[in-house]
Amino acid sequence: MNKTAWKRLTKRTEFYIFIVLIALIAGIQIVSGGQLLEPTTLVTILRGMVVDGMFALICLIVMISGGFDLSFPAISAFAYSAATTICVNQGWCETNPLAGFLLAILFGAILGAFNGWIIANFKLNTMIVTLGTQTFFTGLTMGLFQMKEITSTLPASFRALGESYFFEVYNSQGQRSTLTTSIVFLIIMIAVTSFVLRKTMFGRALYAIGGNEVSAERAGYNVKRIKFILYVAVGALAGFIGMVRVCLARQSIPKAMVGKEMAIIPAVILGGASIFGGEGSVFGTICAIGLITVVSNSMLLVGIDSYWQNFFNGLVILIGITISAVQAKRQRR
Amino acid sequence: MSEYLLEMSGICKAFSGVQALDHVNFHIRPGKVMCLAGENGCGKSTLVKIISGVYVRDQGDVFFQGQKLDRITPAEATRLGIQVIYQDLSIFPNLTVRENLAINSEITDRRRIVNRKRWTKTAEEALSRIGYQIDLDVKMGELSVADKQLVAICRALLFNARLIIMDEPTTALTKREVDALFRTVRKLKEEGIAIMFISHKVEEIFEISDDVCIMRNGKNVFEGPTADLTRDDFSYYMTGRRIQPDPFVPEHIQEKPVLEVEKLCADPYYHDISFQLRKGEILGITGLLGSGRTELAMSLFGLIRPDSGKILLNGQPVSIKSPEKAKELRIGYVPEDRLTEGLCMRQPIADNIMLASLDKVSRRGILNHRKLFSEACRWVKTFSIATDDPHKYAQTLSGGNQQKIVLSKWMNNNLDILILNGPTVGVDIGAKQDIHHLVHGLAHKGLAVIIISDDISEVVTNCSRVIVMKEGMIVGEMKSEEITDQRITEIIH
């Protein structure tokens, strides 16, 4: 590798996250006596990454555009609760989950459009807007529509999708773990997000807007429209991801998403996305989500009390935000 | 066909009753550099926005290559070959040079998918127009201002530009970078491209422009060839008053130095710096950007820790560890970038003035707002800061008046030494002299003043002694009778 390419690589947060991830895996592998790299643990970690990984990707694209979306868990919760309730009431989705997913995507897109409309038209701070809509959407779910938990009556096809797997593995104690088929959703989303961000003018527009919104407008981008589309897409995806979660958990709990944004956004920042916009990559984001999932899984493995999980999540928030701030400072010089 | 590329006559534009442009006439010849000059708020930028299609004129005629234009939209302006390079350059610091160069034409061509090869081709074509070379993979944010500007010019050229409007392009450039920019401008001229150059720096205007248009209060007060204009006339048209150079004559310089600096070093900024400063004098420190002049000043205010050497105040060795300590020692510092370092733009003028002396208007940590306000009003009057209400935000003031706030903020503190870094950067000619007079007055009252500036004529007229720095060393020192523009320039380069 030549010198400038190396220099450029070492400037990227993603590079360090990747190294930390590898070092961490190696460390835990030794401390846990080889338990981490056992097939059962690995498939559990992969399963744990499906939903969080997809959520992180939608946070990433918003952050690249210079925004913050705090409302995606609320959108997601509304979308899957409403979709599941309708499916149960109508007796849909006993054999095919498609209708449920389409409903969730539709509901998500509608709420996302509401976000997008406010943000694009009134040019308000996205964090403030989504902080407001988050509460508003949660109010819709819990208050206006009084959505209930759905567990045993969950449509059979949802359950089947959540339980389906590619292969099963056993550990030395004979415990069984399976690699869920829904990992495909994560893989597709990684591929598509990557392509959109790097290879389409829409993706480049997000970077441009995050870098300098006024310049983006002067360059000829229709910033208003792009932002609107972005928030609709993010809403739709939040609905979709919520449905995946319902299938995996085999239950629909309207309150399950509360506080999710505070777990995901720091991870995205840790993965190299800038809180000021214009920076961030799919690779870094996935590495960071991997890192967090590995840490939380390993704590159980190594026998650390699960209360410590909060401690580590907090630590990750601090580290992630510090990195972002230091980098922004360096860039301004 | 008309002799002019762009011809505008009787242009009027009002914003909610305020007449921003009042029957402005304006002509640009192809292949010529036309300077649009005027103090802040005279309507320069409104005129530019009408040409580029951002604003619609209320009245007046516009001809482009002899053709009458009824309405200019931004797209229409681009099609005609009018490109504006804004002061902020409209670049994307987070993207590579390649992407910055290619982005505009990709959007205009309504491309959907990224094609790196096509981008590279566009970028290389843009760079070749002025024979400029740079690594396409570097992020724009890592470039110097001068390089960013060249990239922005290259990008503008991609659209078969016939008229390039540059909005104060030299503000953040060093002398050498300005020379490089002017070489590029001359090259563009040779290709028949007209340049509209917005500036208020006299020297630059006389060096580069063929024609000048000077505006004042929304009217153009002069339009014609630069050759017909003298420098005195120029500043008269700019300000509406005749400004005589008024050199500083020290009245009473104390025998004993108040500040002595001995063999001060701070790697890698400056080395082996020794000088003395007396009350009642104005000491100039000049040198190119990067000569260590700013870092030296920062050391005297406790912002950079020197590695070795001594600082003596009134004969006593002191260590200035922090700005608080410097304040305690009665040293004040007005930074170069007053907008980010010296002022809270979105705070009232009164609060800004009193910011460094809140303890004077408070008791046991509780602020007395009435006292703060009356004290602030006193300074507004003393320094004749142009505002009708000190409750208004600092950002409502012009550059010169903002600088006055920063000055008053420190004057409030009974200082012995005041260090001014680039005190009139970005300030209009008229306000510039007001500030100089203020500083003269302070020195006469017995303050020791240091002016750090790369504006050599400023140093020449306002300092009783000058130190010239180069690459971190003092390379020359001269007394008032020996100070001339020419001598300083010789030593600097």
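**Notebook: a predicted model with chains A and B**

I began with A:Gly53, which sits in helix 3 (residues 39–64) of chain A. Helices (H or I, at least four residues) and strands (E, at least two) are DSSP runs, numbered from the N terminus. The model is predicted, with local features needing pLDDT of at least 70 and side-chain atom pairs counting only at pLDDT 80 or more, while totals for chains, interfaces and linings use all residues. Residues are numbered from 1 along each chain as its sequence is written, and chains are lettered from A and ligands numbered from 1 in the order in which they are written.

**Entry: A:Gly53**

Is A:Gly53 buried or exposed? I found it buried, because it has 26 C-beta neighbours inside 10 Å. The cut-offs are 20 or more other C-beta atoms within 10 Å for buried, 12 or fewer for exposed, and partly exposed in between, with C-beta atoms placed from the backbone. I then looked up its contacts (C-beta atoms, placed from the backbone, within 7 Å). Leaving aside neighbours within four places in sequence, A:Gly53 touches A:Leu186, A:Ile286 and A:Ile289. From A:Gly53 to A:Thr285 I read 7.9 Å, C-alpha to C-alpha, across 232 residues of sequence.

**Entry: the contact between chains**

Chain B puts 17 residues into the contact and chain A puts in 18.

I looked up an open sheet of four strands in the order 2-1-4-5 in chain B, with antiparallel pairing. Strands pair if DSSP finds at least two bridges between them. Strand 2 (18–28) and strand 5 (67–69) of chain B are the edge strands, each pairing on one side only. On average, neighbouring strands of this sheet are turned by 25 degrees against each other, direction ignored. Axes are lines fitted to C-alpha atoms, for helices over the stretch in contact, and angles run from 0 to 180 degrees between N-to-C directions.

Strand 4 (residues 59–64) and strand 5 of chain B pair over three bridges in the antiparallel sense. Which residue of strand 5 of chain B stands opposite B:Val62? I found B:Leu69 there. Helix 1 (residues 44–51) of chain B lies across strand 1 (6–15) and strand 2 of chain B, at about 65 degrees to strand 2.

Four of the five residues of strand 7 (residues 163–167) of chain B are buried. Strand 6 (residues 82–85) of chain B pairs with strand 7 of chain B in the parallel sense over four bridges, and B:Ile85 has B:Met166 as its bridge partner. Strand 8 (residues 194–198) of chain B runs parallel to strand 7 of chain B, joined by five bridges.

Another open sheet of chain B has four strands in the order 12-11-14-15, with antiparallel pairing. Strand 12 (270–278) and strand 15 (316–318) of chain B each have a single partner strand, so one side of each is left without a neighbour in the sheet. Neighbouring strands here are turned by 20 degrees against each other on average, direction ignored.

**Entry: helix 9, chain B**

Helix 9 (residues 293–300) of chain B is largely enclosed by the rest of the structure, because seven of its eight residues are buried.

Note on methods:
Contact = placed C-beta atoms within 7 Å.
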